[in-house]
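Could you take a look at this one with me? I've jotted down some points to go with it.

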Amino acid sequence: MTTETTFGGWLRQQRRRLDWTQAELAQRVGYSVATIRKVERDELRPSKHLAEKLAQALEVAATQH
């Protein structure tokens, strides 16, 4: 049985890997903590702009975008 990770779950894992709080990530991408919280809970699907900012802040390799 495989469990598929949601975008929010992946984001939370990446943020924790860097030992950042939601507030630190929010500040780095220029969005509110509430937005980051909603994305991590899968209550909000990130816009293309936010997804790009998150990838950049989390140093995701361009091949993984």
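Here are my notes, point by point.

1. First, the ground rules. This is a predicted model, in which local features need pLDDT of at least 70, side-chain atom pairs count only at pLDDT 80 or more, and totals for chains, interfaces and linings use all residues. Residues are numbered from 1 along each chain as its sequence is written, and side-chain values use heavy atoms, with hydrogens and water left out.

2. On the fold: the protein has four helices and zero strands, and the order along the sequence is α-α-α-α. The radius of gyration is 11 Å, close to the 11 Å that the globule rule gives for 65 residues, so the protein is as compact as a globular protein of that length. Helices (H or I, at least four residues) and strands (E, at least two) are DSSP runs, numbered from the N terminus; the radius of gyration is taken over C-alpha atoms, and the globule rule is 2.2 Å times the number of residues to the power 0.38. The C-alpha trace spans about 35 × 25 × 25 Å along its principal axes.

3. How much of the protein is buried? Of its 65 residues, 32% count as such, where buried means under 20% relative accessible area, exposed over 50%, and partly exposed in between (1.4 Å probe, protein chains only). As for contacts (heavy atoms within 4.5 Å), 54% of those between residues at least 6 apart in sequence join residues at least 24 apart.

4. Now the core. The largest nonpolar core has 13 residues, and Leu 11, Leu 25, Val 29, Ile 36, Leu 50, Leu 54 and Leu 58 touch the most other members. At least two residues of this core come from each of α2 (22–29), α3 (33–40) and α4 (48–57), with α4 giving the most, four residues. By nonpolar core I mean a set of buried Ala, Val, Leu, Ile, Met, Phe, Trp, Tyr and Cys residues joined through side-chain atoms within 4.5 Å.

5. Val 29, found in helix α2, is buried at a relative accessible area of 2%. Not counting residues up to four places away in sequence, Val 29 touches Ile 36, Leu 50, Lys 53, Leu 54 and Ala 57. Leu 25, with neighbours within four places set aside, has contacts that include Leu 11, Arg 15, Trp 20 and Ile 36.

6. Which residues of α1 are buried? They are Gly 8, Gly 9, Leu 11, Gln 14 and Arg 15, and their cover includes α2, α3 and α4.

7. Please check the backbone at a few spots. Asp 42, in the loop between α3 and α4, has a positive phi near 60 degrees although it is a residue other than glycine; at 41% relative accessibility, Asp 42 counts as partly exposed. Glu 59, in the segment after α4, also has a positive phi, near 55 degrees, and is exposed with a relative accessible area of 70%.
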